[in-house]
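Please look at the sequence and the structure shown here, and then follow the explanation below, which goes from strands to charged side chains.

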Amino acid sequence: MKKAIPLVFIFCFAFAYNCQAQLKTPSNEVTLFSFQTASGKKVSVNKAKDDSFLVYRFGDDKKIDFEFPQQKDSTSFKKFTYSNWIRGSGNTKSALDLKYLTFENEGFKYIVYAIYFEEDNSHSIGVRVMNLATQAITDIKGKRNTQKGSLDVFRDEDRINQSNAAYD
């Protein structure tokens with residue numbers, strides 16, 4: 001007679017597997033904003049614990065598919081731009097809160113976003129990759145229940161470029 005595998009074991013195995021699908025944070029860094037995508041990849045924006053650099057990564061524990069910038073030093077902060085557009089609700093307008101962290105690399109613009117629209121009470125996170133030559137956009141949506149941190153940390157960060165651009 002075969003032994004049944006306890007449900008607790010199956011749950012623990014599934015949970016451990018799901019946790020391993022995430023990009024690991026190096027010990028000398030702190031994650032400021034991260035989320036998992038529908039395909040199981042992870043987007044993370046990290047800062048060195050000693051404040052010496054800022055870095056964006058896309059990938060999983062097994063492989064970093066993309067990292068920006070390659071050179072991690074104090075100049076990395078100026079390679080990013082933060083923009084935030086907030087509108088309160090009024091007589092004819094619904095509130096919204098649009099946050100973006102952008103950078104450009106090899107003909108592409110990367111737009112990490114966290115947006116809220118009061119009208120339909122929608123929250124969304126993700127990263128858009130725009131081909132600057134063709135203006136074609138790929139939207140990689142994030143799972144909100146996996147979000148850690150906030151793009152708000154960049155609001156008063158003077159080492160990052162500040163903008164009022166909106167991408168929605």
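**Strands and salt bridges**

Strand E5 (residues 81-87) and strand E6 (residues 96-105) pair in the antiparallel sense over 7 bridges, where strands are DSSP runs (E, at least two residues) numbered from the N terminus and two of them pair if DSSP finds at least two bridges between them. Within this pair, Ser83 stands opposite Tyr100 in E6. This is a predicted model, in which local features need pLDDT of at least 70 and side-chain atom pairs count only at pLDDT 80 or more, while totals for chains, interfaces and linings use all residues. Residues are numbered from 1 along each chain as its sequence is written, and side-chain values use heavy atoms, with hydrogens and water left out.

Both strands belong to an open sheet of 6 strands with mixed pairing, in the order E9-E8-E7-E6-E5-E11. Because strand E9 (137-141) and strand E11 (161-163) stand at the edges with a single partner strand each, one side of each is left without a neighbour in the sheet.

The structure also holds 14 salt bridges, each a side-chain nitrogen of Lys or Arg within 4 Å of a carboxyl oxygen of Asp or Glu. In one of them Arg57 joins Glu29, with the closest N and O atoms 2.7 Å apart, and this pair links strand E3 (residues 54-59) to strand E1 (residues 29-36), the two residues being 28 residues apart. Both Arg57 and Glu29 are buried, where buried means under 20% relative accessible area, exposed over 50%, and partly exposed in between (1.4 Å probe, protein chains only). Glu67 and Lys72 also meet in a salt bridge (2.8 Å, N to O), and a network of salt bridges links Glu29, Arg57, Glu67 and Lys72.

Terms used: Helices (H or I, at least four residues) and strands (E, at least two) are DSSP runs, numbered from the N terminus.
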